[in-house]
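Please keep the sequence and the coordinates at hand while reading.

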Amino acid sequence: VASSQSLPLHSVRKAHAVFVRTVDAERDLEFEVDVLHRGRTFASAGVTVGQGGRRCASVTLLSDVEQEDVIAHHHPMPEIGVPEEAIPCEMPMVGRELRLVGITDPNDPEETGPPLIDAWLHYDPVPGRPDLAKALVAHFTGHLSISTTMRSHPGIGTAMAHDTVSTGVMGISIPFHEPVAWEGWLLYHHESTQVGRGMSYVRGQVFTEQGRLIASFTQDGMIRAFVADGADT
């Protein structure tokens, strides 16, 4: 959204964020946009996010002017049923309803299975502005990826996060597949392909209820033990 204010003729096609420092949710954040290139077709920008004079996150963005297709295809949506068959999940946000496929509690260390989570989301209202619609799609990519990684390991779950296990989102990359618009539900398909050495990797896709792929994403997450008797705990 911040970069779109500086590049109103271009549309964000990819964003890559690295989160280097935790923030205080009760304090304001400062967003600073640096336009790196402004061309007739492509543009790029960097956005830094700070709090109290300290940099907390850095985002690089690629934007363009939408073009007609030369060729087109996309990966099919997983066959996981309809939203009404999924299990409601309590993850409060005004205007959002969340349903999970075959999972009652994604945070439970004892609820195990393959490192996959399919989540149906319904937003009311759906933003009409393209930059706000993309921001809303991006928002949920940080929620369930670490839970997806932990799901195949009995005895560990995100209910333990920040208590007995140190977790955090370190990086997210999102390419947006034009046009980013939808009605009804969105499906977030998460797949964890690797975890080790204190870091997890998850890739995902975002589909409309009708099966159109509107975005993909990857997340690099931290899963580490607290230092015994250390200040981190």
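The sections below treat the basis of the model, the sheet, the cores, the helix and the surface.

## Basis of the model

This is a predicted model, in which local features need pLDDT of at least 70 and side-chain atom pairs count only at pLDDT 80 or more, whereas totals for chains, interfaces and linings use all residues. Residues are numbered from 1 along each chain as its sequence is written, and side-chain values use heavy atoms, with hydrogens and water left out.

## The sheet

An open sheet is formed by 11 strands in the order β2-β3-β4-β1-β8-β11-β10-β9-β7-β6-β5, and the pairing is antiparallel. At the edges stand β2 and β5 (87-88), each with a single partner strand, so one side of each is left without a neighbour in the sheet. Strands here are DSSP runs of E with at least two residues, helices are runs of H or I with at least four, and both are numbered from the N terminus; two strands pair if DSSP finds at least two bridges between them.

Strand β11 (residues 213-225) is joined to β8 (residues 165-175) by eight bridges, the two running antiparallel, and to β10 (residues 199-208) by nine bridges, again antiparallel. Threonine 218 of β11 is the bridge partner of serine 173, and arginine 203 also stands opposite threonine 218. Alanine 215 in β11 is the bridge partner of valine 206. The hairpin of β10 and β11 has four residues between the strands, and glycine 211 takes a positive phi near 95° there.

## Nonpolar cores

A nonpolar core is taken as a set of buried Ala, Val, Leu, Ile, Met, Phe, Trp, Tyr and Cys residues joined through side-chain atoms within 4.5 Å, where buried means under 20% relative accessible area, exposed over 50% and partly exposed in between, with a 1.4 Å probe and protein chains only. The largest such core has 31 residues, of which Val137, Phe140, Trp182 and Tyr188 touch the most other members. Two or more residues each come from β1 (11-19), β4 (54-64), β6, β7, α2 (130-139), β8, β9 (185-196) and β11, and β7 gives the most, with four residues. Apart from this core lies another, of six residues, among them Ala86, Trp120, Phe207 and Leu213.

Leaving aside neighbours within four places in sequence, tyrosine 188 is in contact with residues including Ile117, Leu121, Leu136, Val137, Phe140, Val206 and Phe217, contact being heavy atoms within 4.5 Å.

Threonine 167 lies in strand β8 and is buried, with a relative accessible area of 10%. Beyond its neighbours within four places in sequence, threonine 167 is in contact with Ile146, Met150, Ala161, His162, Met222 and Ile223.

## Surface positions

Phenylalanine 31 lies in strand β2 (residues 30-38) and is exposed, with a relative accessible area of 52%. Together with Val23 and Leu29, Phe31 makes a nonpolar surface patch of about 280 Å². Patches are made of residues with over 30% relative accessible area and no salt bridge, like charges being joined within 9 Å and nonpolar side chains (Val, Leu, Ile, Met, Phe, Trp, Tyr) within 5 Å; a salt bridge is a side-chain nitrogen of Lys or Arg within 4 Å of a carboxyl oxygen of Asp or Glu. Accessible areas come from the Shrake-Rupley method with a 1.4 Å probe, and for residues only the protein chains shown count as cover.

Aspartate 105 lies in the loop between β6 (96-100) and β7 (116-123) and counts as partly exposed at 32% relative accessibility.
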